[in-house]
Amino acid sequence: MKRLKAAGILLTISGVVIISSCQSTAARKAAEKSKKAADSALYTLKLTAAQQDAILHAPRTIQLQGELESFYNKFVRTGFNGAMIVAKKGVIIFEKYHGLENYRTKSPIIDSSSFQLASVSKTFTGAAVLWLADRAKLSLDDSLQTFFPEFPYKGITVRMLLNHRSGLPNYLYFCDSLWKEPSRFITNEEVIRLMEVHRPRIQHLPNTHFQYCNTNYLLLASIIEKVSGQQYADFMQQTFFKPLGMTNTFVYDPSSAVRPHQTQSHKYNGQLEPDTYFDGVMGDKGIYSSARDMLKWDQALYSGNLLKPETLKAAYTPYSHEKPGVRNYGLGWRLMVYPDSSRNIVYHNGWWHGNNTVFYRFVQDSTTLIILGNKYNRGIYHAVKPIREMLGHGDGEEAGEE
């Protein structure tokens, strides 16, 4: 009888422990979910349900949806394979997905499909550097020798990397003659080492010309690692992707297994476009994201909570005036700059292998255009002009491919 009583007591205690443990786990999960929701809410424009509803049901929105639908149906017939979103103040007014993530597996593109952003990745790398500058972890006027003591190119600052005024040679060109292991992915550090040893010729003297150059953003990614003490992929995940709820966004690792709904790159005819040894380099490209996640990125920048207002103003300031015209470059962003600055457009395009990407932010009325494709199609860039005209932001300019 005493044994039975003791056993009963033990069972009761065990039950209490199990229940307490379950409650603790449930409470922790609830707290994590609540924090995630709070983090995500911090980086939005915080429109009320009534305000969102007003945007969705406005006569102009309904008219615009019809115009976009008509255009999109023609666009698909040109071979478009990807995702497209148009949003106003973060409210999606048009959203379409067409085609396949992978032509071999026939998996369809859906709202969680992740695309190689190509050079649109630069918007994240640039923002990460500005985020570190906001916290006095680095200065935009630091020289490259602050981070790479053996780097042979003098007179170049972090700011000149951000605005493409460094004059450095493009690694996509000089590596072909210097890299002797094309079957192995080259890393950022190895490219930097090639520059230190072989000193490929500069394109311009520092800060004398704008010259779009992927080497700049390779170096910025490596600076992020040196300053933060984290791998670039980990820093981006912890600083941006996780807090913003960008669950389908990540830095690509070509040696890792394909993730769920990670789209594959295709040639115009649907054949797979394989990686090259350049896919080991990150910062200038290499971030995958979905169209909806890119809208979260857009909203985070509008929220005023991601970067200081003065920092964003500097990012959207044009730095190159050697050539006349509206096109310019800020700190991680391409710009269209008009006499009436309220009309300015902040954007970036991308092109890598069979991936073509468009990310336009019409700041005058917080309208956003996102087009992501994974089957080579230059029509993605040409689609911007007619869509801009529909949105009331047309000026006859076409931004080109990258």
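How many bridges join strand S10 to strand S11, and in which sense do the two strands run? Colleagues, strand S10 (residues 345-352) and strand S11 (residues 355-362) run antiparallel and are joined by eight bridges. Here two strands pair if DSSP finds at least two bridges between them. Within this pair, His348 stands opposite Phe359 in S11.

The model is a predicted one, in which local features need pLDDT of at least 70 and side-chain atom pairs count only at pLDDT 80 or more, while totals for chains, interfaces and linings use all residues. Residues are numbered from 1 along each chain as its sequence is written, and side-chain values use heavy atoms, with hydrogens and water left out. The helices (H or I, at least four residues) and strands (E, at least two) are DSSP runs, numbered from the N terminus.

I turn to the sheet. Seven strands form an open sheet with antiparallel pairing, in the order S2-S1-S12-S11-S10-S9-S8. At its edges are strand S2 (91-98) and strand S8 (327-329), each of which pairs on one side only. From one strand to the next the twist averages 15°.

Seven bridges join S1 to S2, and the two run antiparallel; Ala83 stands opposite Tyr97 in S2. S1 and S2 form a hairpin with two residues between them, and Lys89 in the turn has a positive phi of about 55°. S1 also pairs with S12 in the antiparallel sense, over seven bridges, and Ala87 stands opposite Thr368 in S12.

Next, the helix packing. Two packed helices are described by the angle between their axes and the distance between the axes. Helix H4 (residues 122-134) and helix H8 (residues 214-228) pack at about 40°, with axes 10 Å apart. H4 and H8 are therefore oblique to each other, a term for angles that are not roughly parallel (under 35 degrees), roughly antiparallel (over 145) or roughly perpendicular (65 to 115). Residues in contact (heavy atoms within 4.5 Å) include Val129 and Leu132 of H4 and Leu220 and Ile224 of H8.

H4 also packs with helix H9 (residues 232-241), at an angle of about 75° and with axes 11 Å apart. That makes H4 roughly perpendicular to H9. Among the residues that meet are Phe124 and Trp131 in H4, and Phe235 and Met236 in H9.

His57 is found in the loop between helix H2 (49-56) and helix H3 (59-76). At 53% relative accessibility, His57 counts as exposed (over 50%). His57 and Ile93 are 36 residues apart along the chain, and their C-alpha atoms are separated by 9.5 Å.

Conventions. Axes fitted to C-alpha atoms, helices over the stretch in contact; angles between N-to-C directions. Buried < 20%, exposed > 50% of the residue type's maximum accessible area, 1.4 Å probe, protein only.
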